[in-house]
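User: I would like to go through this model and ask what stands behind each label.

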Amino acid sequence: MNAQKPGDVAVAERTMQDYLDEIPVWHDGTPLAGAPMTGMQWRIWGLAAAGKFFEGFVVFMTGVAMPLFALQFQMTPIQHGLVGAASLAGILVGAVGLGHMADLFGRKLMFIAEMVIFVIFLMLLAAAPSLPWLIFFLFGLGIALGCDYPTAHLVISESIPSRLRGRMVLSAFGFQSVGALAGTAVGATVLVLDPTIEAWRWMFASAIPLGLVVVAGRFTVTESAHWLMLQQRVELAEKAAARLLDRHPRYPKKIKLKHKHRAAAATMPAPVPPERSIKALFSPKAIRATVLASVPWFLQDLSTYGIGIFTPTVLTVILGSHGASSAHHVSDIIANALPAARGAAAIDALLIVGIIAAVMLADRVGRIPLQILGFIGCAAGLLIASFSADYSGPVQTTLIFIGFMLFNFMTNMGPNAQTYLIAGEVFPTHIRGLGAGFAASFAKIGAVMTAFLFPILLADLGTKLLLYILVGASIAGALVTWFFRIETNGVNLEEIDH
């Protein structure tokens, strides 16, 4: 088969997205199903997926290490809350504090910088001498992971065809769940191999070699041609595009880029700093996108992190591990944690199933329908789990497992995946990093609130009423998504700039 040679028309100016979305055709005009992904496109995707893997790995490993922290540093309940929320608070700060820098200094620079910061704080964490330093280093890890929220999305979405954007972004995001399971598994394995109070240092140190590999890999990727064109650096953009689309047989043979609307661009004034400030997100043109990207994500994080914290606690009681709170030795910790860990692993497996469903459906069904359906499914799962408060024994256990498993599946198929996807698609290029970072940061306010308040509310309000509140949050998420809906499925990112 001989693909039609795009070199015949490559001398004509075209946009970067035109080149990405181009589909080769036979000589008789019959189009292929699509152009194959290049090696550079796969490299960018893999290195972005690694960042999401590290997020799940570190956050869930912190949960495994928490009892060891408590024993070594004699932590109070407030200190437990600080340790649990430290990385989440860092993500909140990093997402908005560093995420917008990808708009100012380029996608590649921040793609590298965030991973360098991550590895440095990971090394420091493994050697933390005291509890205050432990909390500070966890916060530093969170800052790096927060920056990765918008940046990882941008480097993928601005380097692949529109028809693949949803599944490629979400499949990379799915490695957050893979990292969560890996973090739990590595943490448990280290406890078995080194059942000492300082085993947590080896847990975090185990991620350093892979982190260094990812840092080295990120130096080899191309800069976003979309961003370079926005900076009027056309020659560099064309070189970046050529590297990105390098394949065998080579097509296009020559790349000549233009802006989507050259005539309009020629008459528009150059961007000024205020256009990239937070105020730009609340302008009449952007406010709808800002609400859609931020508020449902906030409501989703309230429930997702709440259930993530709540699941091991309730399973420890239901499955008979009543001595967990009085454990004073590593051997006791392991004995108390294993039954709940097995149950939590079975429930968390539905996170993987849910993200697979999201990858398969996002580009077929659309972001908005999946997010609304997911929120409704989350509400149903939480409602089923709330019924467990009226029963005991096997019925109670069954209702908890069914409710939480349904919740985990629906949240990863729907809002947990789609909010991340939507936040990186609804904003124009010049504030895309800022908007996605703000949305992630606003969402993590909900996560931090949950980390601090959930145990208190659980004691004051009880399981049933607390789950009812989370049901209401899920329903509110569905309603906000519907009223502020902007469907980005298959939309050319360059169309969003105008």
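Predicted model: local features only at pLDDT ≥ 70, side-chain atom pairs only at ≥ 80, totals over all residues.

User: Where in the chain is confidence lowest, and where is it highest?

Analyst: The lowest is helix H13 (residues 262-267), at a mean of 43, and the highest is helix H10 (residues 208-218), at 96. Helices here are DSSP runs (H or I, at least four residues; strands are E, at least two), numbered from the N terminus. The chain averages a pLDDT of 82, and 85% of the residues score at least 70.

User: Why is Gln-74 called exposed?

Analyst: Exposed means over 50% relative accessible area, buried under 20%, and partly exposed in between (1.4 Å probe, protein chains only). Gln-74 has 60% relative accessibility, so it counts as exposed. Gln-74 sits in the loop between helix H2 (39-73) and helix H3 (77-97), and has a positive phi of about 50 degrees although it is not a glycine.

User: Why does Gln-232 count as exposed?

Analyst: Its relative accessibility is 55%, so Gln-232 counts as exposed. Gln-232 lies in the loop between helix H11 (225-230) and H12, with phi near 65 degrees, a positive value in a residue other than glycine.

User: What span is expected of helix H20, and what does it reach?

Analyst: The expected span is 1.5 Å times one less than the number of residues. Helix H20 (residues 463-483) has 21 residues and reaches 31 Å from its first C-alpha to its last, close to the 30 Å expected. Among its buried residues are Leu-466, Leu-467, Leu-470 and Val-471.

User: What makes a space a cavity?

Analyst: On a 1 Å grid over the protein atoms alone, a cavity is a set of points where a 1.4 Å probe fits but cannot get out; lining residues have an atom within 4 Å of a point. The structure holds 5 cavities of 30 Å³ or more, a volume being the space filled by probe spheres set on the points, which are joined across faces, edges and corners. The largest cavity has about 110 Å³ of space.

Key:
Residues numbered from 1 in each chain as written. Heavy atoms only, no water. 1 Å grid on protein atoms, 1.4 Å probe; cavity = no way out; pocket = protein on both sides within 12 Å on 5 of 7 lines; lining within 4 Å. pLDDT = per-residue confidence, 0-100.
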